[in-house]
Amino acid sequence: MQVAYFDSATSTPLHPAARDALLASIEDGWADPNRLYAQARRARQLLDAARGAIADVLGARAEELTFTPSGSWAVQTAVLGALAARRRAGQTLVHSAIEHSALLHAAQRHVHSGGSAVEVGVDRAGHIDRTAWQEAVSGPGVAVAALISASHEVGTVQPVEWAAGFGVPLLVDAAMTVGRLAVPDGWSYLSASARKWGGPAGVGVMVIRKGARWQSPWPSAETAPNLPAILAAAAALQAVQAEAEAESARQSALIDRIRRTVAATVPDVEIVGDPVDRLPHLVTFSCLYVDGEALLHALDRRGFAVSSGSSCTSSTLQPSHVLAAMGALTHGNIRLSLHRDTTDADVDRFLAELPGIVADIRAEVGVA
Amino acid sequence: MTTELNCLGQRCPLPVIALAKALPGLAVGDTIRVLADDPAAAADIPAWCRMRGQEYLGSPVPSAYDVRRVQ
């Protein structure tokens, strides 16, 4: 059976440039770059080149960039390190209600350790409440603020440059936008994840701007880098950056088509998130009376890989905190995220099969 | 008149489906209290009211959600 993979927001298929770089560097990039012999010098050279290439795309300096074992690790290390270094400025972390759970877990840790956190809500389309944000970051004792560049669950793009304009150092979780949209300005800390842009899993990126206060929250920060994966990540980012404009336009048109067609062909469906000010490759919708897990499995049987924010598909039995914060329907939810290998035919087949799949599930529970 | 719909122990979307099925039995202006302890009900019952044009009256106590039929 033909399989259409629509979950690039979790993990994007490896870009061909990343695959080539990965295979080449398995031969050439295995030594520890921190040692002093010839193989190590070669590894150091490769690592520095990768760091420089990724920093270029992010609009940062090479020395501001650190590789981490994942995007979650990067965002947690950035925020906990910033809070630790800015203790004297205050104990409060301000963050949006729709951050990635990695950031929310770090915020919980900060609160358990005696700090405080202020959560800023969003509107029905998923935009942060600007009045509440301004109020929160203007409060006493705010050390750091954190805002995701675009929601990983619904795609709404956030006003990062505006949010950074209140004198509080801002951490931007840019995992969803790096390699797809321009990197915003004004932030002090940035995190990203290579598997979201077509690099391999296991490579996160943390950028600490020169002059931004930060100290490692871990007892020891020095780990041997996964050099082949890092080189592949850099190759992928350079390649996707070169294709970004054309691919974003192509994928965004497909997302527009999905939004329009699903709304027209599936009754009682709620398409979530801003229709315009959004990620080019991602759409989320919820189908009333439909069990999200049943929908996900039915789609899987028909050869469609999607993810869901419904509680029945999560290990915690909690619905998506992003959907709940927006006041959106959380059950019957699926998210599609496209990538460079997604074809018009994949989308056509999905749009043709979805109405029948939803109708079948509704018929089973006696609602039409 | 207020009726009560016991959906304790049911996972979403079952409480919302039960609410939708119970609605035709209510007169316009009547309210119904849905008892549901699935965490998703807190989001999904208000969202259902918005999508179906009914009035969500709030959650007076944990795991209870009041809805008024307005059409």
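A salt bridge here is a side-chain nitrogen of Lys or Arg within 4 Å of a carboxyl oxygen of Asp or Glu. Keep that cut-off at hand as you work through these exercises on a predicted model.

**Exercise 1.** Find out how chain A is divided and how far apart the C-alpha centres of its domains lie.

*Solution.* Start with the bounds: domain 1 of chain A covers 4-11 + 244-364, and domain 2 covers 16-239. Next, take the C-alpha centres of the two domains, which lie 27 Å apart. Then look at the contact, to which domain 1 of chain A brings 29 residues and domain 2 of chain A brings 27 residues.

**Exercise 2.** Work out how much area is buried between the two domains of chain A, and which three residues of domain 1 supply more of its share than any other three.

*Solution.* The buried area comes to about 2,200 Å², with carbon and sulfur atoms giving 53%.

**Exercise 3.** Count the salt bridges across the interface of domain 1 and domain 2 of chain A, and check the pair E270(A) and R124(A).

*Solution.* The rule finds 1 salt bridge across this interface. For E270(A) and R124(A), the closest N and O atoms are 3.2 Å apart. The cut-off is 4 Å, so the pair qualifies. Among the elements on the domain 1 side, α9(A) gives the most, with 5 residues. By type, that side divides into 11 nonpolar, 12 polar and 6 charged residues.

Key: Residues numbered from 1 in each chain as written. Chains lettered and ligands numbered in written order. Predicted model: local features only at pLDDT ≥ 70, side-chain atom pairs only at ≥ 80, totals over all residues. Heavy atoms only, no water. Domains from an automatic or database assignment. Contact = heavy atoms within 4.5 Å. Buried area = accessible area lost by both parts, 1.4 Å probe. Helix = DSSP H or I, 4+ residues; strand = E, 2+ residues; numbered from the N terminus. Nonpolar A, V, L, I, M, F, W, Y, C, P; charged D, E, K, R; others polar.
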